[in-house]
Amino acid sequence: MTSQIILYGIIFLYGIIFGSFLNVCIYRIPVKQSIAKERSHCMQCGYQLKWYDLIPLFSYLCLGGKCRKCKTHISIQYPLVELANGILYILVFFVCGFQVKSFLYCFLGSALLVLSVIDWRTYEIPFGINVFIFILGLVQVAADYENWLSYVIGFFAVSGFIAIVILITQGRGFGGGDMKLMAAAGLLLGWKLILLSFGIGCIVGSVCHLIRMRVSGAENVLALGPYLSIGIMVSALFGNEMIQWYLTTALG
Ligand SMILES: [Zn+2]
């Protein structure tokens, strides 16, 4: 029991440490800055963050969400992304146990987190993140090569449909980034789970967007990335059980 708690504590720590790297990606990828070179600094006064300013979650809490030097408010997005990534890693290992797939799903979840925030803000899904997910897919195919066909079909199952919609509507409705995301994630999850991801993503997306349009008068432009990401992650973690439940209970 104690060892379990320590283990998940370590997983959480890894999660928030990677999470703080994800924040760097979220800010630097859209403006094409190097994610490795420059040191982190305050956006307002240029104060270079010291190591003790860079401890995930804790630095933010200790500083009360303000820059050490100029006291400008630091976006809540930083600790939220770190916390979300920490919780995500715990969830993945809790649900999937200790196997290769869990590491792939942690990386997948982190990539989805980054692309969701970027897509939300810029309406673009960075190509590099889709390539990263595609590489995770290749690893999964190699690890489970007896079922390679399921993954290859997964690559085309949803992306092919989106490609047709893009052709017919001339680019409205879906973006090229959405198509590439569903291709890469399809290779990683296989055709059953990617179809389920797409279904969940569309339902969650329509409901949330309708509410946002009513409540806050959000524009008609819809960044699909975050909703597709939710669909992909829910489906990756719980999809097999959901399909199993559907086949046995709902179809009797
Ligand atoms: Zn500052």
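H4 itself has 23 residues and spans 33 Å from first C-alpha to last, close to the expected 33 Å (1.5 Å times one less than the number of residues). Helices here are DSSP runs of H or I, at least four residues long, numbered from the N terminus.

This is a predicted model, so to speak of local features takes pLDDT of at least 70, and side-chain atom pairs count only at 80 or more, while totals for chains, interfaces and linings use all residues. Residues are numbered from 1 along each chain as its sequence is written.

## The nonpolar core

The largest nonpolar core holds 55 residues, and Leu108, Val114, Met182, Ala185, Leu188 and Ile194 have the most contacts inside it. Such a core joins buried Ala, Val, Leu, Ile, Met, Phe, Trp, Tyr and Cys through C-beta atoms within 7 Å; buried means 20 or more other C-beta atoms within 10 Å of a residue's own, with C-betas placed from the backbone.

H4 gives the largest share, 11 residues. Look at Met182 too: leaving aside residues up to four places away in sequence, Met182 touches Val158, Ser159, Ile162, Ile194, Phe198 and Leu228 (C-beta atoms within 7 Å).

## H1 against H3

The H1 and H3 axes come within 7 Å and cross at roughly 135°, with axes fitted to C-alpha atoms over the stretch in contact and angles running from 0 to 180 degrees between N-to-C directions. Residues making the contact include Tyr8 and Phe12 of H1 and Tyr78 and Phe93 of H3.

Key. Buried ≥ 20, exposed ≤ 12 C-beta atoms within 10 Å, placed from the backbone. Helix = DSSP H or I, 4+ residues; strand = E, 2+ residues; numbered from the N terminus. Contact = placed C-beta atoms within 7 Å.
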